Amino acid sequence: MAESHGAPARATAEPDSQTVDVSAMPRVLRRIAAEAVRLEPARVALAVAASLAAAVASLSLPRLFGRAVNEAQRLLGIASRTTAAAHATALHASGAGADTLRAAALAHQARHVLLLSAALVIAATATRGVMTMTANYQAEYVSQKVAYQYRLDFFRQLQRLSFSFHDRVHSGDLITRGMLDLEGARSFIQNGLLTALTMILLVSIAAWMMIATDPVMAALGLAFTPLASVVLARMGFLLRVTWMQVQRLMSVLTLTMEENLQGIRVVRAFAARRFELAKFDEAANAALVYSYRRIVLRLRAVSAMTLSFYGAMGLLLWYGGARVAAGTMTAGRLTEFLTYMTLLQSPIRQIAMIVAAAARATTSGSRLFEILDLEPAIADRPGAKDLAIGADVLRFEHVDFAYDPGAPVLRDISFQVAAGQTLGIVGPPGSGKSTIANLVPRFYDVTGGRVTIDGQDVREVTLASLRSHVGLVQQEAFLFDATVTNNVAYADPWAEDARIVQAARTAQIHDYVAGLPGAYETRVGERGVALSGGQRQRLSIARGVVPGPGVMIFDDSTAAIDAVTEKKVRDALGEATATKATIIIAHRLSSLMHADEIIVLEAGRIVERGTHDDLLSLGGEYADLYALQTRADQGLSIADARLRRKLAETGA
């Protein structure tokens with residue numbers, strides 16, 4: 001049985017204010033924005049230009065409204081005075097015709113000015129709408145392109161990261177980062193970055209125009225900004241804390257669902273449906289609580305900002321109305337300032353949304369970049385060359401290894417396997433058998449000694465050439481939800497049908513596959529659920545045989561196969577691997593007793609080595625294990641004798 005190394009990483013401790021890096025926001029947001037500019041510079045420029053045009057169009061409205069009101073008021077005043085003069089003249093029965101014509105001309109001019117103002121307002125509004133639509137479309141396009149690139153980068157990185165990383169981090173957390181966190185980073189481009197740009201342009205230009213027009217009125221209209229700044233800063237900080245917790249809990253939720261789906265048969269077999277439902281409900285409820293907290297934070301901020309905004313608008317109306325009544329300000333100027341405030345109303349409300357998007361993007365982006373920025377523990381060294389194929393001699397030279405410092409798994413392991421030779425490895429669970437198998441293709445690096453193929457240290461050659469030369473058939477026969485052909489030919493997608501069939505014959509699975517309704521085009525289901533354990537293992541053996549690597553390692557790969565079929569598989573493999581260096585790891589001694597050399601591991605050390613007959617004659621660990629497996633009726637007495645011998649050896 002393969003050893004287990006390291007437990008999956010579970011949820012981390014609940015974040016608090018001390019765990020929030022306040023300097024992360026500008027750094028993460030700048031990186032997301034830079035990625036957008038790198039991928040689509042032209043579309044980003046177009047979105048920025050459209051946002052600027054929309055802001056300019058919006059800011060033309062207050063002046064249009066103000067001038068229209070002033071002009072209409074002036075012309076109507078003139079018309080009113082002219083009408084009064086004409087009425088007075090009519091009483092004296094002279095000049096009435098000229099005054100009436102003048103009044104009609106002024107009225108016509110007033111209607112013309114108002115119609116022109118209305119046309120300009122419609123044109124400005126239409127321009128703003130078209131430019132806003134253009135900016136939104138470009139922002140959505142760019143954000144999806146960034147998401148696409150991050151998705152590829154994330155998946156590529158998962159393929160690069162070494163086994164030691166995947167031993168520590170659970171797949172549920174990685175799925176959350178690759179989907180929910182990635183979406184949080186993407187949405188900032190659309191809902192935060194360009195929206196913020198439009199808002200900054202609108203607010204800053206409007207504030208400048210208001211100050212240039214009347215500093216006192218501008219101060220009253222912008223009086224809400226200090227309070228809004230404090231509220232937004234607090235909300236942004238608290239939202240980051242909340243988003244950290246939400247994302248952590250979503251990882252737990254994904255983990256719970258993933259484990260339940262993978263173990264659904266175990267759940268049904270032990271009638272654990274209620275327990276699983278309760279566990280999932282607990283995780284979902286915890287995420288819901290923090291989602292509510294996030295909503296409350298945003299609503300409080302929006303309420304405070306809205307209240308302060310309308311308070312500033314009330315002050316502006318009170319002060320401006322008094323000045324209009326006193327005759328020191330025109331009604332058009334007051335209308336202009338009120339229109340500025342109306343235009344600012346929507347951006348001010350959007351500020352909370354922008355800050356929320358930035359807070360989410362900071363948390364999500366940090367979690368995403370944490371994975372993207374990792375350097376694989378196992379990678380090609382500078383100047384690494386392809387493995388030079390020679391005599392196919394695999395050698396372990398005084399190898400030590402530990403998954404964790406201070407906890408050695410292998411100690412001073414040395415052996416050699418040449419082409420055409422077979423090495424058998426046996427030992428109790430946890431003795432380091434599967435670790436040896438994982439060191440040959442360099443899934444991990446040794447901590448002492450070295451592993452060589454034809455004298456070349458596996459750490460000095462490229463991983464691609466090494467792993468194409470080393471075939472590893474593991475005990476856990478993972479199959480993809482694809483056809484039999486695709487699963488068998490996974491290591492060599494261009495393999496001819498004849499090679500695929502021959503590999504299946506070697507693994508003693510051809511007759512079964514040929515009898516399926518679709519033969520080799522039959523889908524095996526998720527994780528090979530349509531097949532038995534032994535059938536999955538035989539397909540896994542066939543997959544390992546197809547590429548014809550120079551070094552073959554079978555890690556307890558026949559454990560689920562019955563003894564008769566295993567004998568047939570072993571005989572067929574003997575022919576297929578006759579010219580290869582072969583390692584067979586097994587608990588069942590019948591799987592390896594034909595090996596040229598057998599090593600017995602215990603606690604990471606080689607305690608016995610030799611041929612099957614040599615080890616039997618020693619009367620030690622191997623002989624005891626052989627006796628236990630071949631004479632089951634005497635198993636208890638043999639086990640007792642073995643225990644007594646162990647105690648005697650240790651001096652207990």
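Which residues form a nonpolar patch on the surface? In this predicted model, the patch consists of Leu288, Tyr292, Ile295 and Leu299, with about 370 Å² of accessible area together. Patches are made of residues with over 30% relative accessible area and no salt bridge, where like charges are joined within 9 Å and nonpolar side chains (Val, Leu, Ile, Met, Phe, Trp, Tyr) within 5 Å. Accessible areas come from the Shrake-Rupley method with a 1.4 Å probe, and for residues only the protein chains shown count as cover. Leu299 lies in helix α9 (residues 273-326) and is partly exposed, at a relative accessible area of 48%. Here buried means under 20% relative accessible area, exposed means over 50%, and partly exposed is in between (1.4 Å probe, protein chains only).

Residues are numbered from 1 along each chain as its sequence is written. Because the model is predicted, local features need pLDDT of at least 70 and side-chain atom pairs count only at pLDDT 80 or more, while totals for chains, interfaces and linings use all residues; side-chain values use heavy atoms, with hydrogens and water left out.

Turning to the chain as a whole, there are 20 helices and ten strands, taken as DSSP runs numbered from the N terminus (helices H or I, at least four residues; strands E, at least two). Of the 652 residues, 46% count as buried. The accessible surface of the chain comes to about 32300 Å², and carbon and sulfur atoms account for 61% of that area. Among contacts (heavy atoms within 4.5 Å) between residues at least 6 apart in sequence, 79% join residues at least 24 apart.

Four strands make up an open sheet in the order β2-β1-β4-β5, with antiparallel pairing. Its edge strands, β2 (407-417) and β5 (456-457), each pair on one side only. Two strands pair if DSSP finds at least two bridges between them. Strand β1 (residues 394-404) is joined to β2 by seven bridges and to β4 (residues 448-453) by five. Leu394 has Val417 as its bridge partner in β2 and stands opposite Ile453 in β4, while Asp400 faces Gly448 in β4. The hairpin of β1 and β2 has two residues between the strands, and Gly406 in the turn has a positive phi of about 85 degrees.

Asn438, in helix α11 (residues 433-439), is buried at 9% relative accessible area. Leaving aside residues up to four places away in sequence, Asn438 touches Tyr403, Phe443, Tyr444, Leu472 and Gln474.

What about charged pairs? With a salt bridge defined as a side-chain nitrogen of Lys or Arg within 4 Å of a carboxyl oxygen of Asp or Glu, the count comes to 17 salt bridges. Arg31 pairs with Asp373, the closest N and O atoms being 2.8 Å apart. Arg31 is partly exposed at 34%, as is Asp373 at 44%.

A salt bridge also links Arg177 and Glu370 (3.1 Å, N to O). Since Arg177 belongs to helix α5 (residues 171-213) and Glu370 to helix α10, the pair ties together parts that are 193 residues apart in sequence. Arg177 is buried, with 10% relative accessibility, whereas Glu370 is partly exposed at 46%. Salt bridges that share partners join Asp173, Arg177, Asp181, Arg367 and Glu370 into one network.
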